[in-house]
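These exercises are worked on the structure shown below. Each task is followed by a solution in steps.

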Amino acid sequence: MWIILHICLLLLSQYISAVLTSSSGSCQIWRRFKLNGMYQGGDLIIGGLFEVQYLKTFPVLSFRTEPELPQCENFYMTSFQQAQTMVFAINEINNNPNLLPNIMLGYQIYDNCLRLGVALRAATALVSGKEESLSHLNCTGPPPVIGIIGDPGSTHSIAISRVFGLFRVPMVSYYATCSCLSDREKYPSFFRTIPSDAFQVRAMMQILRHFRWTWVGLLYSDDDYGKHAAQSLHQEMQLVGGCVAFSEILPTDNNPKEIQRIMSVIQDSTGMVVVVFSTSSYFLPLVDEMLLKNVTGRQWIASEAWATSPVLLAPRLMPVLGGTLGIAIRRGEIQGLSDFLLRLRPDNDPENSMVRIFWESMFGCKIKNEGNAGEKLCTGQEDLSSTNTAYTDVSELRASYNVYKAVYALAHALHDLMQCEEGRGPFSENTCADITNLQPWQVIQDRMFLQPPRSVCSESCPPGTRRARRKGLPVCCFDCLPCADGEISNTTDSTECTVCPDEFWSNPEKVLCVPKEVEYLSYEEPLGISLTTASLIGTSFCAFVIVIFTHHRNTPIVRANNSELSFLLLLSLKLCFLCVLLFIGRPQLWTCQLRHAVFGISFVLCVSSILVKTMVVIAVFKSSRPEGKSAMKWFGAAQQRGTVLVLTVLQVVICAVWLSNASPTPHRNSQYIRSKIVYECAIGSVVGFAVLLGYIGLLAAVSFMLAFLARNLPDSFNEAKFITFSMLIFCAVWITFVPAYVSSPGKYAVAVEIFAILASSFGLLVAIFAPKCYIIILHPERNTKKAIMGRGTQS
């Protein structure tokens, strides 16, 4: 949307800001856009935007040369009828002495070619006016247009309203139905004479509930109209327990591959009821493809954008679209419109180029002969009554009737401003608007747009109209169109949807409920096998080190810093490696309860052993000094065992309280992936799990701090250095574990926890015991008391 706003401001700057100011104080517009339109002068001008022609492609933008002006083609007779209805309404008002007396309304109508870029150019041209230059910079008098009828497209209306809403230029659309446009804060100057899509979706849901169709497909155009309507239908379907079989976006560029893909989706789906939110121009290529491939038997639900389209009502399309149910705009009648349409005649005025193009398209001739031999010349007197097109058909006035009401809505707003009494006006200090210098924002300020009318419409109101309400929303009315000729498919399998139970999912054919796949970290899958292998390797390494230390238990390297603590540390590391096996496999109650308890106790036993070993290193070096000879006396073997025991018992108490109050249990989780059940262990209490990890982290932090302080103590083999490195690895692993664990879904959270256990265990095993094993096995000559204490002797 910001991109659209940027384009709007860029175009606006080209027209309003890009002026040349001469020394005489005059300003001049650089250039004008080449737009097809119709014009009639008047005291007040009403602008109009209509989709009369279609622009297939924009000129190539090389950004090196000035781009070519776009050329529109494919004339739409229905849209031109809507534009002529605006002209008819303005002429009718000008001839009515009871409505806007002594005021002559004019019009400036442009064709937007069904393209946003052209629509923005046309809207900018409307507000900039027809004056080529101004004699002074203080512009006075009424603005170029007092209001705009249109744009019919929701996306176009959003883009234009975002810019012109800043200047409070009123826009009254006759066909933009996006519910988003009802936001008065974003679009304060936008109004419409057609209900929003929110009401249309409710009407469609009434049809679906009536026929008990709960299994439907959805097609929608790639614009704001289609996307918002599709979103509303999805929400309504969920509320009533229905299902959307498929949801596809119709391409705006008529991409053949994409159209064939969508057709295959429709053909393969069991959903036989299809709702379509799109204009006929986007939907027609898909219908043609389905007709070519003989894909029939679908029950179509048509939105108002194509329900009454003459193009899609062609007899050749009945094999595909026969039986369609549609939501249509409320139909109305306009007296005198038919005769007015037939009286139209072309002229040579370049400002009425739209009429010339219409005449040439209607009769297959040229108004001006450009020198091409054999071209048929138009006389201008051809008989429109002899034609049979959507232009002359006034039996189904729907969008045209909305145009008619939109013109009258603006006219009544202007009429109310004329009837204002000084001292009772709607503006500051109860003043009234100056009709000779009327501004667009004053039209919006009028009571017509601010409050419901207190009296009925005057006789000049068109039948079926009323003044707009505060929010700019019209009365919600739709016509439900009867079925076209054709057979409606209405079998139980194709139109009804049964919601599967929680632990079931629909099969690929969408006809049966099958059990959901149960997912957990198993021993059979590659990830489980890899983690199990790593666990067993770590356990084997621990056993190997125990064998080495047992065989060399009387050597100085093993006996240094209490060999009993070394064996206890190896035993705890072995338990850390083995506890991984409790995390793999189908979760059961006993494995869920044991996995975190064994993990927590094993790691506390491990870290407390390292903590005590660090304290022993410090105590030994203190006892070597005269003032600290009694240090080892108060921290002997018994005290060391007691410290490890007390620290471990505290973790046992934490686990016991956790398991007794909120024990982890197996849990079937279907929130991660709707088609699968993730079988996991719910931790029961987040607080319990956090305290367990926090206690381990506290011991690790204290061990790291003490080892770091003791790393420079004199010794040729200072174990504090290796403890410092091992605890650095340990802390780094578990600090990164927390965010990775929280963000990992299902079985991958278990894998992350196992990886943290294995990584920290291998880090401790290698950092502490690898240097000792290296000396014991490869350099036994250094495994002496003299060699160990050598550096201290030298110092």
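**Exercise 1.** State whether the link of Cys72 and Cys113 is left-handed or right-handed, and say which parts of the chain the pair ties together.

*Solution.* 
- Step 1. The angle about the S-S bond is 105°, and the link of Cys72 and Cys113 is right-handed.
- Step 2. The pair ties together parts that are 41 residues apart in sequence, because Cys72 sits in the loop between strand S4 (44-50) and helix H2 (77-94), while Cys113 sits in the loop between strand S5 (105-111) and helix H3 (116-128). Helices (H or I, at least four residues) and strands (E, at least two) are DSSP runs, numbered from the N terminus.
- Step 3. The S to S distance of Cys72 and Cys113 is 1.7 Å, and a disulfide is a pair of cysteine sulfur atoms within 2.5 Å.
- Step 4. Cys72 and Cys113 are both buried. Buried means under 20% relative accessible area, exposed over 50%, partly exposed in between (1.4 Å probe, protein chains only).

The model is predicted, so local features need pLDDT of at least 70 and side-chain atom pairs pLDDT 80 or more, while totals for chains, interfaces and linings use all residues. Residues are numbered from 1 along each chain as its sequence is written, and side-chain values use heavy atoms, without hydrogens and water.

**Exercise 2.** How many disulfides does the distance rule count, and what are the S to S distance and the angle about the S-S bond for Cys178 and Cys180?

*Solution.* 
- Step 1. The count under the rule comes to five disulfides.
- Step 2. One of them joins Cys178 to Cys180, with S to S at 2.4 Å.
- Step 3. About the S-S bond of Cys178 and Cys180 the angle is 125°, and this link is right-handed.
- Step 4. Both Cys178 and Cys180 are buried.

**Exercise 3.** Describe the disulfide of Cys420 and Cys432 by its sulfur distance and its torsion, then say where in the chain the two residues lie.

*Solution.* 
- Step 1. The sulfur atoms of Cys420 and Cys432 are 1.9 Å apart, and the two residues form a disulfide.
- Step 2. The disulfide of Cys420 and Cys432 is left-handed because the torsion about its S-S bond is about -70°.
- Step 3. Cys420 and Cys432, twelve residues apart, are both in the loop between helix H12 (399-418) and helix H13 (440-445).
- Step 4. Cys420 has a relative accessible area of 21% and is therefore partly exposed, whereas Cys432, at 15%, counts as buried.

**Exercise 4.** What are the angle and the axis distance for H16 with H18, for H22 with H23, and for H7 with H8?

*Solution.* 
- Step 1. H16 packs with helix H18 (residues 563-579) at an angle of about 165°, the axes being 8 Å apart. Axes are lines fitted to C-alpha atoms, for helices over the stretch in contact, with angles from 0 to 180 degrees between N-to-C directions.
- Step 2. H16 and H18 are therefore roughly antiparallel to each other. Angles under 35 degrees count as roughly parallel, over 145 as roughly antiparallel, 65 to 115 as roughly perpendicular and the rest as oblique.
- Step 3. On the H16 side the meeting residues include Ser535, Gly538, Thr539, Cys542 and Ala543, and on the H18 side they include Ser566, Phe567, Leu570 and Leu573.
- Step 4. Helix H22 (residues 719-743) and helix H23 (residues 747-778) cross at roughly 175°, and their axes come within 9 Å. H22 is therefore roughly antiparallel to H23.
- Step 5. Helix H7 (residues 256-268) and helix H8 (residues 280-292) pack at about 60°, with axes 10 Å apart.
- Step 6. From H7, Ile259, Gln260, Ile262, Met263 and Ile266 meet Pro285, Leu286, Glu289 and Met290 of H8.

Technical notes:
Contact = heavy atoms within 4.5 Å.
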